[in-house]
Amino acid sequence: MSELLNNVEINPRIDETWKKVLFNEFQNDYFKKLKLFLQKEKEQYEIYPPGSRIFAAYNYTPFDKVKAVILGQDPYHNPGEANGLCFSVNDGVKIPPSLQNIFKELHNDLGCPIPKSGNLEKWALQGVFLLNTSLTVRKNQPGSHRDIGWEKFTDATIKVISDLKENVVFMLWGRWAMSKMDLIDKNKHLVLTASHPSPLARTGFLGCKHFSKANEYLQSKGISPINWCL
């Protein structure tokens, strides 16, 4: 795997727990084709997030630590925004509209102060797996890396969490995220759904109370809750 990843300037350090459970995916032909595609892309375009951050979700949240899963679609496509964790931006970057609504709901649900930074690393380190269904995107071209193989990889990721773990909270926001519901065993896990937090989406995200519902479920299973306040 490291040879494939090094050729496209992707840091091959993926947490060992993920290497083990996703071993077959890394060996699969589609994954090799995906790497070749990214090699050519990087010769012509600027790709986000930076190579060392493409697998950030997998490095910040080892497989055995996953308590909750939040699904996004593409990484942010504007310069300086994407950091490899869905909905998250680095310190000092203007907070995108969807994340502003997430923070509003966080405040309304749990009383957390509205954060000044959009960096969600604190969540990831507590077991919140912040997964985009596509892990890369061209600069200023949303959706440009859909259907190149990432969805197969991230679908396999969702399914392996569902199959091999128990009592995980899946927070599916918007139609795209909810399309992954069939990959999840609802008898073993809690699935929470709501509209996408984007201001362009229909109303339904604000007031969903997913953060408190997630913690109530985790505690009911004897699992320590997440400190959602940033």
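1. Which residues of β5 lie on one side and which on the other, and are they buried or exposed? In this predicted model, V169, M171 and W173 sit on one side of β5, F170 and L172 sit on the other, and all are buried, where buried means under 20% relative accessible area, exposed over 50% and partly exposed in between (1.4 Å probe, protein chains only).

2. On conventions, residues are numbered from 1 along each chain as its sequence is written, and side-chain values use heavy atoms, with hydrogens and water left out. As the model is predicted, local features need pLDDT of at least 70 and side-chain atom pairs count only at pLDDT 80 or more, whereas totals for chains, interfaces and linings use all residues. Helices (H or I, at least four residues) and strands (E, at least two) are DSSP runs, numbered from the N terminus.

3. The open sheet has 4 strands in the order β3-β2-β5-β6, with parallel pairing; two strands pair if DSSP finds at least two bridges between them. β3 (128-132) and β6 stand at the edges with a single partner strand each, so one side of each lacks a neighbour in the sheet.

4. Within this sheet, β5 pairs with β2 (residues 68-72) over 3 bridges, V69 standing opposite F170, and with β6 over 5 bridges, V169 standing opposite L190.

5. Helix α10 (residues 210-220) buries H210, F211, S212, A214, N215, Y217 and L218. Their cover includes α6 (97-110), α7 (121-125), β5 (169-173) and β6 (190-194), contact meaning heavy atoms within 4.5 Å. Just after α10, G222 adopts a positive phi of about 75°.
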